[in-house]
Amino acid sequence: MKQYDGSKIIDHDGDKRPKSGDVYFGTFIGCPHEIGERVHISANCSFVGVGKLYLGDDTTISPGVIIYTSSPNLDERVIGNKYTSGFEVVAADVHIGNNVFIGAGTVIHQGVNICDRVIVGAHSFVNRDIDEPGIYVGAPVKKIKGF
Ligand SMILES: CC(C)(COP(=O)(O)OP(=O)(O)OC[C@H]1O[C@@H](n2cnc3c(N)ncnc32)[C@H](O)[C@@H]1OP(=O)(O)O)[C@@H](O)C(=O)NCCC(=O)NCCS
């Protein structure tokens, strides 16, 4: 895997990276991860959290995509005002299949599974599983075309 200037990948036990593929300028991969072959991760993406991120083969992630694999329990953190006394972290792995294209600026929520052969349009919010091949757009994403 070729890494361009300014990108950073933090290693965790059991992380897997491909021999082929690339990670562009300014992208940060801070969560545990398993990345398939021929994956292209464009500039200024941020993948963070304590859950694991799985990226399938031949998948492209466009610039500025954010994927988080955990979040604070917001009921405790905000409503219960537990900022200083500690709050639960909700973690869930994110699975992205083979031959998937994620459009620029998309945000993907913890625990989401995206099947093979999916296009997600630019600036979408994926907060539920995508189980069928097709094109999905919007916040939250909705299917506009099947293959
Ligand atoms: C999702 C996408 C592939 C759809 O392309 P398409 O199949 O040609 O679809 P169309 O342009 O005909 O759009 C179909 C409908 O979806 C809407 N739509 C398309 N992309 C959208 C998006 N990203 N968010 C919200 N709505 C979108 C269109 O406005 C149109 O709505 P309408 O029928 O009410 O007019 C394309 O719009 C897109 O977002 N590509 C990703 C580009 C990108 O991120 N490139 C990375 C550069 S490095």
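Me: Which of the 13 residues around the ligand come nearest?

Reply: G103, A104, G121, A122 and V137 come nearest. A residue is near a molecule or strand if its C-beta atom, placed from the backbone, lies within 6 Å of it. Before we go on, this is a predicted model, where local features need pLDDT of at least 70, side-chain atom pairs count only at pLDDT 80 or more, and totals for chains, interfaces and linings use all residues. Residues are numbered from 1 along each chain as its sequence is written.

Me: How do the residues of the shell around the ligand divide into nonpolar, polar and charged?

Reply: There are seven nonpolar, six polar and no charged residues in the shell. Ala, Val, Leu, Ile, Met, Phe, Trp, Tyr, Cys and Pro count as nonpolar, Asp, Glu, Lys and Arg as charged, and the others, Gly among them, as polar.

Me: What makes β9 and β14 a pair?

Reply: Two strands pair if DSSP finds at least two bridges between them. Strands here are DSSP runs (E, at least two residues), numbered from the N terminus. Strand β9 (residues 60–61) and strand β14 (residues 100–102) have two bridges, in the parallel sense, so they meet that cut-off. One of the bridge partners is I102 in β14, which goes with I61.

Me: Where do these strands sit in the sheet, and what are its edge strands?

Reply: The open sheet has eight strands in the order β1-β3-β6-β9-β14-β17-β19-β20, with mixed pairing. Its edge strands are β1 (2–3) and β20 (142–146), each of which pairs on one side only.

Me: How many bridges does β19 have with β17 and with β20?

Reply: Strand β17 (residues 118–120) pairs with β19 (residues 134–137) over three bridges, in the parallel sense. Four bridges join β19 to β20, and those two run antiparallel. Within these pairings, V120 has Y136 as its bridge partner in β19, while G134 stands opposite G146 in β20.

Me: What is the peptide bond from A139 to P140 like, cis or trans?

Reply: The bond is cis, with omega near -5 degrees. P140 lies in the loop between β19 and β20.

Me: Why is R38 called partly exposed?

Reply: A residue is buried if 20 or more other C-beta atoms lie within 10 Å of its own, exposed if 12 or fewer, and partly exposed in between, with C-beta atoms placed from the backbone. R38 has 17 such atoms within 10 Å, so R38 is partly exposed. Its phi is near 55 degrees, a positive value in a residue other than glycine.

Me: And why does N44 count as partly exposed?

Reply: N44 has 18 C-beta neighbours inside 10 Å, so N44 counts as partly exposed. N44 lies in the loop between β6 and β7 (46–48).
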